[in-house]
Amino acid sequence: MAHVAVTGGAGFIGSNLVAALAQKGHQVTVVDDLSTGLASNINPDICEFHHLSLVDQVPLGLALADAEVIFHLGARGSVPRSLKNPVATHDVNATGTLNVLEVARSTGAHVFFSSSSSVYGRNGTLPKDESMWLAPMTPYAASKLSAEGYMQAYGSAYGVPITLLRFFNVFGPRQRPDHEYAAVIPKWIWKAMQGEPIDVYGDGSQSRDFTYVKTVLDICLDGMKRKVTHEGAINLAFGNRITLIQTIDMLRVHFPDLRVNFLPPRAGDVKDSQNDPVLLKRLFPNIVPTDFEIALTETINWLKEYGQSVANGPTVTD
Ligand SMILES: NC(=O)c1ccc[n+]([C@@H]2O[C@H](COP(=O)([O-])OP(=O)(O)OC[C@H]3O[C@@H](n4cnc5c(N)ncnc54)[C@H](O)[C@@H]3O)[C@@H](O)[C@H]2O)c1
């Protein structure tokens, strides 16, 4: 069993990962500033919690000192939020990653990092593979690309074992549906559950390579067990592009009276997103993604049963 640290462990993906790691018997340390993550996601029986920010280098170093593996998921998420406050986004996402890597440089920990498909930005070619040019359109995407650069530099210059994963629209249980910057799937399900109309920015023809959180956990756990490292980025999505209109049709199976408000397109939103999963499948040949419709149904069922535990969380500041 290993000592594993999860930054952002009070958040959506992080708290799912903490539970999965603890279930496998690993010793888990969590670092989180609770800015979007929830204190209720921290179970003191399964992890040691450090309430601090990634920008606080010294306490961060102490918290991560004994970890053999670091899943670095802590970040200031959301494109619109980064447009309002680019410097804070850079401080947490780029400098915060540098701070994590500085720890790994001295301890030799294996660092997994959650980058984002948003780094492709203006590059509209589909599907995406890891050799394509990158053109961030927002400070969020730029901060993730900067962090990717540091990951690769620390791998090359100092031999830090790195696994640089680019997530593509992850969804599933524990994702907050309630705040202004909530992701589209939990937000829509939550509104549908209250009988409220859902908002679509644009005509709904935009598409995403949605990835179920369980698939992300399978990749993380498999990557840790087999010590999968790679010198460059690995896109984490299986190439299943779904439009928002298709998603709405699937939601109507569960919410037949669903009403939709069509609003003007939002600044900084990427029109389409789809991965070409050749590299992912070569590095993780045993991982089979959960079917989108099954994952959507599981997410709806989870929100119906436990949604109150992640709704009405603290306000997310700009
Ligand atoms: N969910 C997605 O679709 C998606 C897509 C691409 C990339 N990602 C990346 O995956 C990671 C996890 O995303 P998530 O969806 O679970 O988001 P989340 O907001 O639920 O989790 C992020 C966590 O980081 C914490 N955090 C924020 N700033 C911090 C700071 N300064 N110090 C310490 N902790 C801090 C938050 O409190 C939260 O618990 C993030 O790095 C995100 O950028 C997610």
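Analyst: What follows describes the sheet, then a pair of helices, then one further helix and a few loop residues.

The model is predicted. Its open sheet has seven strands, and their order across the sheet is β3-β2-β1-β4-β5-β6-β11. The pairing is parallel. In general, strands of a sheet pair through backbone hydrogen bonds, either parallel or antiparallel. The edges are taken by β3 (48-51) and β11. Each of these two has a single partner strand, so one side of each is left without a neighbour in the sheet. On average, neighbouring strands are turned by 20° against each other, with direction ignored.

Strand β1 covers residues 3-7, and four of its five residues are buried. Five bridges join β1 to β2 (residues 27-32), and the two strands run parallel. Within that pairing, V4 stands opposite V28 of β2. Strand β2 also pairs with β3, in the parallel sense, over four bridges. Here T29 stands opposite E48 of β3. Helix α2 (residues 57-64) packs on the sheet, where it touches β1, β2, β3 and β4 (69-72). The direction of α2 makes about 165° with that of β2.

Next comes a pair of helices. Two packed helices are described by the angle between their axes and the distance between the axes. For α4 (residues 86-107) and α5 (residues 139-158), the angle is about 15° and the axes are 8 Å apart. Angles under 35 degrees count as roughly parallel, and therefore α4 is roughly parallel to α5. The crossing of α4 past α5 is right-handed. On the α4 side, the contact residues include P86, H90, L98 and R105; on the α5 side they include P139, K144, Y150 and Y158. The residues of this contact divide into twelve nonpolar, six polar and two charged.

The loop between β5 (110-116) and α5 contains P127. The peptide bond joining L126 and P127 is cis, with omega about -15°.

Further along, N169 sits in the loop between β6 (162-167) and β7. The phi of N169 is near 45°, a positive value in a residue other than glycine. N169 counts as partly exposed because it has 18 C-beta neighbours inside 10 Å.

The loop between β7 and α6 holds G172. G172 counts as buried because it has 24 C-beta neighbours inside 10 Å, and 20 or more are needed for that. Leaving out residues up to four places away in sequence, G172 touches Y212, V213, K214, A295 and T299. The C-alpha atoms of G172 and Q246 are separated by 18 Å, and the two residues are 74 apart along the chain.

Helix α6 itself spans residues 184-194, and its buried residues are I185, P186, W188, I189, W190 and A192. Among the elements covering them are β7 (170-171), β8 (198-201), α8 (244-254) and α10 (292-306). After α6 comes G195, with a positive phi near 75°.

K227 counts as exposed because it has 10 C-beta neighbours inside 10 Å.

How values were computed. Residues numbered from 1 in each chain as written. Predicted model: local features only at pLDDT ≥ 70, side-chain atom pairs only at ≥ 80, totals over all residues. Axes fitted to C-alpha atoms, helices over the stretch in contact; angles between N-to-C directions. Parallel < 35°, antiparallel > 145°, perpendicular 65-115°, else oblique. Left-handed = near helix turned anticlockwise from the far one by under 90°. Contact = placed C-beta atoms within 7 Å. Nonpolar A, V, L, I, M, F, W, Y, C, P; charged D, E, K, R; others polar. Buried ≥ 20, exposed ≤ 12 C-beta atoms within 10 Å, placed from the backbone. Pairing = 2+ DSSP bridges.
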